[in-house]
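Please open the structure in your viewer and keep the selection tool at hand.

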Amino acid sequence: MAHQILLALAALVAVASAQVFAPVPHTVALPADEYDPHPSYSFSYSVNDAVTGDNKGQTETRDGDVVQGSYSLVEPDGSRRVVDYTADSVNGFNAVVHKEPAVVAHAPVAYLH
């Protein structure tokens, strides 16, 4: 019986003194983003896919806090929708939408096989 008590006591001491090893998250310091007080960029893209009829495009420029751009797409009826927009810290985002007459009789229909 003393042997069992001694064994139980040893087990309790072992459990109490055991260290639990868990992964410690490491914090990696990333370089601070450089602040650009006058950001500027310009981009554009266009798609003109004769197979699917997908016809769209966009251009945009930024000069400081002023963004100007335009995007367009051909609607299913063949007309082109054009959206001209500006955004700045004073006036917010403003868009003007207009439609141009049909550029094609109708947009082709894509058939998937």
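The stops below begin with the sheet and end with the surface.

This is a predicted model, in which local features need pLDDT of at least 70, side-chain atom pairs count only at pLDDT 80 or more, and totals for chains, interfaces and linings use all residues. Residues are numbered from 1 along each chain as its sequence is written, and side-chain values use heavy atoms, with hydrogens and water left out.

**The sheet**

Five strands form an open sheet in the order E1-E2-E3-E4-E5, with antiparallel pairing. E1 and E5 are the edge strands, each pairing on one side only. On average, neighbouring strands of this sheet are turned by 10° against each other, direction ignored; the angles run from 0 to 180 degrees between N-to-C directions, with axes fitted to C-alpha atoms. Strands (E, at least two residues) are DSSP runs numbered from the N terminus, and two of them pair if DSSP finds at least two bridges between them. In general, strands of a sheet pair through backbone hydrogen bonds.

**Strand by strand**

Select residues 54–63, which are strand E2; E1 pairs with E2 in the antiparallel sense over 10 bridges. Within this pair, Asn-48 has Asn-55 in E2 as its bridge partner.

Next, select residues 66–74 (E3) and 80–88 (E4), which pair in the antiparallel sense over eight bridges. Here Ser-72 stands opposite Val-82 in E4. The hairpin of E3 and E4 has five residues between the strands, and in this hairpin Gly-78 takes a positive phi near 95°.

Continue to residues 92–100, strand E5, which pairs with E4 in the antiparallel sense over nine bridges. A hairpin of three residues joins E4 to E5, and Tyr-85 has Ala-95 in E5 as its bridge partner.

**Salt bridges**

The structure holds five salt bridges, each a side-chain nitrogen of Lys or Arg within 4 Å of a carboxyl oxygen of Asp or Glu. Select Arg-81 and Glu-75, whose side chains meet at 2.7 Å, N to O. Is Glu-75 buried or exposed? Glu-75 counts as buried, at 14% relative accessibility, whereas Arg-81 is partly exposed at 30%. Buried means under 20% relative accessible area, exposed over 50%, and partly exposed in between (1.4 Å probe, protein chains only).

**A surface patch**

Finally, select Tyr-41, Phe-43 and Tyr-45, which make a nonpolar surface patch of about 280 Å². Such a patch joins nonpolar side chains within 5 Å, from residues with over 30% relative accessible area and no salt bridge. Tyr-41 lies in strand E1 (residues 40–49) and is partly exposed, at 34%.

Definitions and conventions
Patch = residues over 30% accessible without salt bridge, like charges linked within 9 Å, V, L, I, M, F, W, Y side chains within 5 Å. Areas by Shrake-Rupley, 256 points an atom, 1.4 Å probe, with all protein chains shown as cover. Helix = DSSP H or I, 4+ residues; strand = E, 2+ residues; numbered from the N terminus.
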